[in-house]
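I am opening a page for this chain and will note what I look up in the order I look it up. The sequence and the coordinates come before the entries.

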Amino acid sequence: MARELIVGALTVGAVVSGAVLATPERACACSCARTTDAEAYAHADAVFRGRPVLRTSENDGRITLVFEVSAVHKGRVARRQGVRTASSGAGCGLETAAGREYLVFAAQDGGGLAATLCGGTRTAGGPLAVPFAPTGAPLAGRAGPVDGGGPSPAAWVVIAGGLASPILLGLVLALRKRG
């Protein structure tokens, strides 16, 4: 009887732990203070105009937006530039639409570029409002991550849970048969 209670408790614990771990990250509301182009420019390591051409998922739950760059106003930016960001606007990630041009304000992040909703990135409807900001051409080639990185951590938890469930069920049934 005690053995069955322990096995039952372990099973329930495993199921509850799996459910908690597999739950997607909590959405947090992203609240940004209004910023001017000049303020965003001062804080950015790279500023450029470009159109998003590809969106890929990273292993850490973030995404990479790959931009086809038309002009560079600050920093070293490739013609096809990857920029990491949170996966949604609720998490302060960039929200972009295909075919639209954006003025991107990005910071260095582990050898690549990253941008947030609060960093000043906006549609490129108007000119960059920074006096004397240069306008140059992007570097040839690609920079930053430009392809996906595989399953997210939450996906790995679901995969592991899917593999562990039949094992736990078999163990419970074997112990019940014995008892």
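Which residues does Phe-48 touch, not counting residues up to four places away in sequence? I listed them from this predicted model: Phe-48 touches Phe-67, Val-69, Ala-71, Val-72, His-73, Val-77, Gln-81, Val-83, Tyr-102, Leu-103, Val-104 and Leu-113.

Entry on the core. I then looked up the largest nonpolar core, which has 15 residues, and found that Phe-48, Phe-67 and Val-104 are those with the most contacts inside it. Strand S1 (46-57), strand S2 (63-74) and strand S4 (102-109) each supply at least two residues of this core, and S2 gives the most, with five residues. I also noted a second, separate core of nine residues, and among its members are Ala-40, Val-47, Ala-124 and Val-130.

Entry on aromatic rings. How many aromatic pairs does a search of the whole structure find? The search returns one, and I recorded it as an edge-to-face pair of Phe-48 and Phe-67, with 5.6 Å centre to centre and 75° between the planes. Because Phe-48 lies in strand S1 and Phe-67 in strand S2, the pair ties together parts that are 19 residues apart in sequence. I checked the exposure of both partners: Phe-48 is buried, with a relative accessible area of 0%, and Phe-67 is likewise buried, with a relative accessible area of 0%.

Entry on a charge over a ring. I looked up Lys-74 and found that it lies over the face of Tyr-41, at 4.8 Å from the ring centre.

Entry on the chain as a whole. I counted three helices and seven strands in the protein chain, and from the N terminus on the elements run α-α-β-β-β-β-β-β-β-α. Buried residues make up 29% of the 179 residues. Among the contacts with a separation of 6 or more, 65% are accounted for by residues 24 or more positions apart.

Entry on confidence. What is the mean pLDDT of the protein chain, and what share of its residues reach 70 or more? The mean is 79, and 67% of the residues reach 70 or more. I marked residues 12-27, over which pLDDT stays under 50 and for which the model has six contacts beyond four places in sequence. I marked residues 147-158 as well, where the pLDDT is below 50 and the stretch has 18 contacts in the model beyond near neighbours in sequence.

Notes
Residues are numbered from 1 along each chain as its sequence is written. This is a predicted model: local features need pLDDT of at least 70, side-chain atom pairs count only at pLDDT 80 or more; totals for chains, interfaces and linings use all residues. Side-chain values use heavy atoms; hydrogens and water are left out. A nonpolar core is a set of buried Ala, Val, Leu, Ile, Met, Phe, Trp, Tyr and Cys residues joined through side-chain atoms within 4.5 Å. Buried means under 20% relative accessible area, exposed over 50%, partly exposed in between (1.4 Å probe, protein chains only). Helices (H or I, at least four residues) and strands (E, at least two) are DSSP runs, numbered from the N terminus. Contact means heavy atoms within 4.5 Å. Rings of Phe, Tyr and Trp (its six-membered ring) pair if their centres lie within 6.5 Å; planes under 30 degrees apart count as stacked, over 60 as edge-to-face and the rest as tilted. A charge sits over a ring if NZ of Lys or CZ of Arg is within 6 Å of the ring centre and within 35 degrees of the ring normal. pLDDT is the predictor's confidence in each residue, from 0 to 100.
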